[in-house]
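Please look over this structure with the briefing below. Start with the sequence, then turn to the fold.

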Amino acid sequence: MTTVTTTELWCDRCGESATATAHPACASARELEPPRFCPGCRRRMKVQVLPVGWSAVCVEHGEIRG
Amino acid sequence: MPAILDQARTQVLGDGVGLDQAGILAVLNLPDEHLPAALQLAHDVRMRWCGPEVEVEGIVSLKTGGCPEDCHFCSQSGLFTSPVRSVYLDIPSLVEAAKQTAKTGATEFCIVAAVRGPDARLMKQMREGVAAIRAEVDIQVAASLGMLTQEQVDDLVDMGVHRYNHNLETCKSYFPNVVTTHSWEERWETLRMVRDSGMEVCCGGILGLGETVEQRAEFAAQLAELAPHEVPLNFLNPRPGTPLGDRPVVEGKDALRAIAAFRLAMPRTILRYAGGREITLGDLGTRDGLLGGINAVIVGNYLTTLGRPATADLDLLAELKMPVKALSDTL
């Protein structure tokens, strides 16, 4: 598993700035959703949901899993 | 006791004959104080005509996103601004997903692709994937690949796919409000071919797309006419970027009324909890539905969203003394 740590500049659900405002609705929704945007660069990630877990790949920052 | 429940007790519980559209509508319109009685009757019907077993299934997306169709609820349409990107699952990962599913005790593993219908490449992947799963995993394989040709139906039978999912999604009268790139009749034609092939038919839909209660009853009646082996019941989980992304979720009691009504329309079908139940019903409502006509669940995650942990559902089934249907019972 490749886990790349990035500074969380972007909301990984809606892709908007994570530093300008809080995203409580996104945080709540994320309990039942995988991330869609790379928190480091805002690119849309390639996400594969599996029966148990998920993986999300950013072309720049690598893969995260949950 | 409302007259419709008295009628259902005799007709559905006693004789195994589902309610017609008017009867379904009457159940959907029951006031809250009669909902517990409707759920209890639906549970009795399920126990009498289906038994206590619960069929457990896992699903996985073989091809995600980039779909050319415009199903307004779907985050995988390439026509909307949904953040879901196209991705393909490789065969080893598909087999691993089947293994994960089998470990939960599931007897069904459904391979799903976001397509109008399968092309030659996808059918080749299916042939390889189904063969690999059948070689390594003791589980029934189902498929959901959109609209099929007769040749593709025959190919899936030849691969050993035992059940095919193709949801009508909503009633015929409301369908054009939800999908414009193909018709309800085209879906029906695929279902007809699947049924004639000997594969089991899995056909359900999504509640909360904006349909009226009357249209919800129409949908249940149309499903009853099709008489599918399984009906997956989804509740809209509004997806960002889709035309239905701002719709409200179905109110919990309305969802439970629908579960009871669909069971009383189809006493013998496998009525499966599918997507959206976590949001619409929560833990308590999930339990109520299992005691109100539901006799199958999708465990684990869905195609693009996450579900409750499989253990949460399995623990609940154990608590309710509902045995998981064994693979030997499905063969």
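The points below cover an annotated site and a strand in chain B.

This is a predicted model: local features need pLDDT of at least 70, side-chain atom pairs count only at pLDDT 80 or more, and totals for chains, interfaces and linings use all residues. Residues are numbered from 1 along each chain as its sequence is written, and chains are lettered from A and ligands numbered from 1 in the order in which they are written.

**Annotated site**
- The unreviewed UniProt entry marks B:Cys67, B:Cys71 and B:Cys74 as "binding site"; positions use the numbering here, feature names are shortened, and annotations may be inferred rather than shown by experiment.
- B:Cys67 sits in the loop between β1 (55-64) and β2 (87-88) of chain B.
- Strands are DSSP runs of E, at least two residues, and helices are runs of H or I, at least four, numbered from the N terminus.
- B:Cys67 counts as buried because it has 23 C-beta neighbours inside 10 Å.
- Buried means 20 or more other C-beta atoms within 10 Å, exposed 12 or fewer, and partly exposed in between, with C-beta atoms placed from the backbone.
- B:Cys74 lies in the loop between β1 and β2 of chain B, and is buried with 25 such neighbours inside 10 Å.

**Strand β3 of chain B**
- Six of the six residues in β3 (residues 108-113) are buried.
- B:Glu108, B:Cys110 and B:Val112 point one way; B:Phe109, B:Ile111 and B:Ala113 point the other way.
- In a regular strand, side chains alternate between the two faces of the sheet.

**Pairing**
- β1(B) and β3(B) run parallel, joined by six bridges; strands pair if DSSP finds at least two bridges between them.
- Five bridges join β3(B) to the parallel strand β4 (residues 140-144) of chain B.
- B:Cys110 stands opposite B:Ala142 in β4(B).
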